[in-house]
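Please read them with the structure open beside you.

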Amino acid sequence: MIRSIFTCCRPLPFLLAFLLLLPGCQTAYFKTMEKFGYHKRDILVSRVEDARDAQHEAKDQFRSALARFAEVTGFKGGSLEEKYTQLDGEYQASKVKSDAVSSRIASVEDVAGALFEEWEGELDQYSSDSLRRSSRQKLDSTRGRYRQLIAAMKKAEAKIAPVMTAFNDQVLFLKHNLNAQAIASLRDELASVETDISALIREMEVSIREADAFISAMASE
């Protein structure tokens with residue numbers, strides 16, 4: 001099972017990474033990968049796996065952040081500065097994981113667009129009507145599964161920004177108000193934060209299941 005395209009192409013990691021960073025070089029990247037036997041379909045599966053794993057990591061991080069937030073609201077003594085530092089650390093870690101999710105989803109969209117465009121364009125190359133119809137059916141089926149997958153990923157991603165905005169507000173408020181009143185205010189926000197993060201985690205779990213189903217279906221074809 002494909003796990004990571006870069007792992008399988010150790011002689012070229014820096015070249016491939018460089019190609020991905022240059023504007024308009026996705027085509028060159030895909031052509032280079034094809035020369036080593038990795039086609040867009042393979043790359044798509046690999047990137048879906050990466051996006052799924054990024055969502056797993058983000059989900060775990062948001063759970064950790066929620067636990068830290070609840071811990072801070074239960075503060076009964078000690079250093080408020082230390083509590084702020086810990087909560088800010090959770091926020092920064094959550095931002096890194098959130099950005100990774102968005103980046104992985106974007107990379108899935110890039111290769112999927114290239115794959116379906118190529119597939120569609122090659123249908124006219126068939127001389128056999130029956131093979132063309134079979135390929136068309138397979139394309140439609142794969143694209144349908146992909147649309148379901150990307151919709152779930154996007155739905156989960158859309159819930160990240162409101163959570164991060166609220167999280168940032170709480171961290172900033174605590175930073176500038178290191179006192180018991182600030183803790184009381186955060187305590188009032190705990191229920192709302194719990195609700196938002198729980199909803200985000202549920203959507204991520206749906207997206208992860210869709211990714212697993214997509215990967216399984218691609219492997220069985």
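1. Asn 179 sits in the loop between H7 and H8. The helix names follow DSSP runs, numbered from the N terminus: a helix is a run of H or I of at least four residues, and a strand is a run of E of at least two. Asn 179 is partly exposed, because its relative accessible area is 31%. The cut-offs are these: buried is under 20% relative accessible area, exposed is over 50%, and partly exposed is in between, with a 1.4 Å probe and protein chains only. Along the chain, Asn 179 and Leu 80 are 99 residues apart, while their C-alpha atoms are separated by 7.3 Å.

2. A word on the source: this is a predicted model, in which local features need pLDDT of at least 70 and side-chain atom pairs count only at pLDDT 80 or more, while totals for chains, interfaces and linings use all residues. Residues are numbered from 1 along each chain as its sequence is written, and side-chain values use heavy atoms, with hydrogens and water left out.

3. Of the 221 residues in the protein chain, 41% are buried. The protein chain exposes about 11800 Å², and carbon and sulfur atoms supply 52% of that area. Accessible areas come from the Shrake-Rupley method with a 1.4 Å probe, and for residues only the protein chains shown count as cover.

4. Contacts (heavy atoms within 4.5 Å) can be sorted by separation in sequence. Among those in the protein chain between residues at least 6 apart, 77% join residues at least 24 apart.

5. Arg 68 is found in H4 and is partly exposed, because its relative accessible area is 22%. Not counting residues up to four places away in sequence, Arg 68 touches Gln 86, Leu 87 and Glu 90.

6. Ser 216 belongs to helix H8. Its relative accessibility is 48%, so Ser 216 counts as partly exposed. From Ser 216 to Val 45 there are 171 residues in sequence and 9.5 Å in space, C-alpha to C-alpha.

7. Helix H3 covers residues 26–35, and its buried residues are Tyr 29, Phe 30, Thr 32 and Met 33. These lie on the same side of H3 because they cover an arc of only 160° around the axis. The arc is that of the directions from the helix axis to the C-beta atoms. Lys 31 and Lys 35 are exposed on the other side of H3. As background, an α-helix has 3.6 residues a turn, so residues three or four places apart point the same way. After H3 comes Gly 37, whose phi is positive, near 90°.

8. How many cavities of 30 Å³ or more are there? The count comes to one, and the largest cavity holds about 90 Å³ of space. On a 1 Å grid over the protein atoms alone, a cavity is a set of points where a 1.4 Å probe fits but cannot get out; a pocket is an open set with protein on both sides within 12 Å along at least five of seven lines; lining residues have an atom within 4 Å of a point. Grid points are joined across faces, edges and corners, and a volume is the space filled by probe spheres set on the points.

9. The lining of the largest cavity includes Ala 65, Phe 69, Val 163 and Ile 197. H4, helix H7 (160–176) and helix H8 (180–220) each give two or more residues to this lining, and H8 gives the most, with four. By class, the lining has eight nonpolar, one polar and one charged residues. Ala, Val, Leu, Ile, Met, Phe, Trp, Tyr, Cys and Pro count as nonpolar, Asp, Glu, Lys and Arg as charged, and the others, Gly among them, as polar.

10. The second largest pocket has about 210 Å³ of space. Its lining has two nonpolar, one polar and six charged residues, among them Glu 34, His 39 and Trp 119. The largest share, four residues, comes from H5.
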